[in-house]
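Reader: I have a structure open and I'd like to learn how to read it feature by feature. Could you walk me through it?

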Amino acid sequence: MAHELTIPKTGPVLLRNSSLDTDEIWQARIDLAASLRMAARLGLEEGICNHFSAVVPGHPDLFLVNRLGWAFQEATASSLLICDFEGNVIAGDGVPEATAFYIHARLHKMSPRVGAAFHTHMPNATALSMVEGEPLVWAGQTALKFYGRVAIDEHYNGLALDEREGDRIAAVLSDKDILFMKNHGVMVCAPNIAEAWDDLYYLERAAEVQLKAMSTGRKLLPVSHEIASAAARQMREGDPESARLHLESVRRVLDQQQPAYRT
């Protein structure tokens, strides 16, 4: 159910000999492609409908995003598009998926702190967006990584096919990092690609183990607010470095098994 963006676009535009052809930007392309590829390997995507974006280094008014019609497992560094906030493709061959544009462009524009935004319908976290109450129960250590960082969009409003819906989603996220979108999926936001990948991975793991515990029919045992807060602080202190190492490990695995992601 992917939808093509219908507002005016430019492209394709070659990167050669431009300010968008730098080592830092190429590394961001590699990192985003690696995240997409590993998400596919772990079953975190849904067909061609989910999307990852990242602000272009040195260009706060531009963002990288995967192209319409390509599965995550097809992503390469060069296949990613660079778009502006008005929907123009500044560099790349193809167009963004419509909801990818309207969600991500508005999110990056309204929340400059968000350097990377990963949206998926990954199965376990999405399942928790479909049940009553708070999605996470704070009963597992992995879930505590997200304690105090979660916002919930309680009002599913159909597909995000205009700027108003993107603005609404950005407003609900506010200053949080994780958005559970009721009846829809999740949005993971972070200062950079590595931290977005790390949060996406562990969010799905936290959701998976919670659902397993819930399936026993026995009462879950959440930890106290004091312990949850303390554990969350401990995790946050090491998160940036841990995330960097996590993404490095992803690249090493892909370098051995799917090196084409770098092309």
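Author: Helices here are DSSP runs of H or I with at least four residues, strands are runs of E with at least two, and both are numbered from the N terminus. Before we go on: this is a predicted model, where local features need pLDDT of at least 70 and side-chain atom pairs count only at pLDDT 80 or more, while totals for chains, interfaces and linings use all residues. Residues are numbered from 1 along each chain as its sequence is written, and side-chain values use heavy atoms, with hydrogens and water left out.

Reader: Okay. Is Ser53 buried or exposed?

Author: Buried means under 20% relative accessible area, exposed means over 50%, and partly exposed is in between, with a 1.4 Å probe and protein chains only. Ser53 has 0% relative accessibility, so it counts as buried.

Reader: Which side chain does Ser53 join in a polar contact?

Author: That would be His108, at 2.7 Å from side chain to side chain. A polar contact is a pair of N or O atoms within 3.5 Å; within protein, one must be able to donate a hydrogen and the other to accept it, and residues adjacent in sequence count only if both atoms are side-chain atoms.

Reader: And what else does Ser53 touch?

Author: Contact means heavy atoms within 4.5 Å. Leaving out residues up to four places away in sequence, Ser53 touches several residues, including Leu32, Phe63, Val65, His104 and Phe118.

Reader: Let's move to helices. How do I read a pair that packs together?

Author: Two packed helices are described by the angle between their axes and the distance between the axes. The axes are lines fitted to C-alpha atoms, for helices over the stretch in contact, and angles run from 0 to 180 degrees between N-to-C directions. Take helix α2 (residues 98-110) and helix α5 (residues 163-173): they pack at about 50°, and their axes are 8 Å apart. That angle makes α2 oblique to α5. As for the cut-offs, under 35 degrees is roughly parallel, over 145 roughly antiparallel, 65 to 115 roughly perpendicular, and the rest oblique.

Reader: What is the handedness of the crossing of α2 and α5?

Author: Right-handed. The rule is that a crossing is right-handed if the near helix is turned clockwise from the far one by less than a right angle, and left-handed if anticlockwise. At the meeting point, α2 brings Tyr102, Ile103, Arg106, Leu107 and Met110, and α5 brings Glu163, Gly166, Asp167, Ile169, Ala170 and Leu173.

Reader: Can you show me a residue from each of those two helices?

Author: From α2, pick Ala100. It is buried because its relative accessibility is 0%, and it touches His51, Val65 and Ala105, not counting residues up to four places away in sequence. From α5, pick Glu165.

Reader: At what angle do α1 and α7 pack?

Author: Helix α1 (residues 23-41) and helix α7 (residues 225-257) pack at about 75°, with axes 10 Å apart. That makes α1 roughly perpendicular to α7. Among the residues making the contact are Gln27, Ile30 and Met38 of α1, and Leu247, Val250 and Gln257 of α7.

Reader: Now cysteines. How many disulfides are there?

Author: A disulfide is a covalent bond between the sulfur atoms of two cysteines. The working test is a pair of cysteine sulfur atoms within 2.5 Å, and a search of the whole structure finds 0.

Reader: One last thing, backbone angles. What is phi of Trp138?

Author: It is near 65°, a positive value in a residue other than glycine. Trp138 is in the loop between α3 (123-128) and α4 (141-144), and at 16% relative accessibility it counts as buried. Asn183 also has phi near 65°; look for Asn183 in the loop between β7 (178-181) and β8 (185-190).
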